[in-house]
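The following exercises are to be worked through with the sequence and the coordinates at hand. Each task is followed by a stepwise solution.

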Amino acid sequence: MEEVKFTFENLTVYQKSLDFVYDTFEKFPKREMYVLVSQCIRAANSIVLNISEGAGASDVQFNRYLQIALDSTRECVVCSTITKRRKYITENHDHKTRIQIAELSKMITSLQKYIRSKLNPQKNNY
C-alpha cells in the first residue's frame, strides 16, 4: 500500500518539532503527570500542530500559526527550566532540550521571514 503524505510532512521544521515532542518530557514523576507534564506536552505538541495546521493555509495565516508555534517554544523553555529546578531532569537534559528549542525557534523564524518576503517583495529591494 502506498503511503499517503501531506505537504507539511516534508517540512524539516515539522519533522524536528515532532521529534522534540517525543524526546523531551518523558521521565517525570507520576505525581506531576497531570499538572506540569501535561502542560509541557501540550506546549511541545502545540509547536508541531500549529506548523501542520498552518501549512495548508494562506501565507498570512501560516505566518500567524508559525507565531503561535514560536510562542510555544518559549513555553517549552519555561517547562524545561521548571523541571530542571525540581530536579526531574539533569542539567545535561535541560541543555539538550534548550539546544533543540533554539534550533526550532530559528527554523520557525526563518520560515516566517521567508513568508513575509513573499508577502512584501518590495521590502526586499534595498
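**Exercise 1.** Determine whether Cys79 is buried or exposed, and state how many disulfides there are.

Solution. Step 1: a residue is buried under 20% relative accessible area, exposed over 50% and partly exposed in between, for a 1.4 Å probe and protein chains only. Cys79 has a relative accessibility of 4% and therefore counts as buried. Step 2: Cys76, with a relative accessible area of 0%, is buried. Step 3: a disulfide requires a pair of cysteine sulfur atoms within 2.5 Å. The count by this rule is 0 disulfides. Cys76 is in no disulfide, and its nearest cysteine sulfur, that of Cys79, lies 5.9 Å away.

The model is predicted: local features need pLDDT of at least 70 and side-chain atom pairs count only at pLDDT 80 or more, whereas totals for chains, interfaces and linings use all residues. Residues are numbered from 1 along each chain as its sequence is written, and side-chain values use heavy atoms, with hydrogens and water left out.

**Exercise 2.** Classify the aromatic pair of Phe6 and Phe8 and that of Phe8 and Tyr14.

Solution. Step 1: rings of Phe, Tyr and Trp (its six-membered ring) pair if their centres lie within 6.5 Å; planes under 30 degrees apart are stacked, over 60 edge-to-face, and the rest tilted. This rule gives 2 aromatic pairs. Step 2: the ring centres of Phe6 and Phe8 are 6.0 Å apart with planes at 25°, so this pair is stacked. Step 3: for Phe8 and Tyr14 the centres are 5.0 Å apart and the planes at 80°, so this pair is edge-to-face. Step 4: Phe6, Phe8 and Tyr14 are thus linked into a cluster by ring pairs. Phe6 is exposed at 52% relative accessible area, whereas Tyr14 is buried at 11%.

**Exercise 3.** Which phi value does Lys87 have, and where is Lys87 found?

Solution. Step 1: phi of Lys87 is near 65°, a positive value in a residue other than glycine. Step 2: Lys87 is found in the loop between helix 3 (59-85) and helix 4. Step 3: with a relative accessible area of 72%, Lys87 is exposed.

Technical notes
Helix = DSSP H or I, 4+ residues; strand = E, 2+ residues; numbered from the N terminus.
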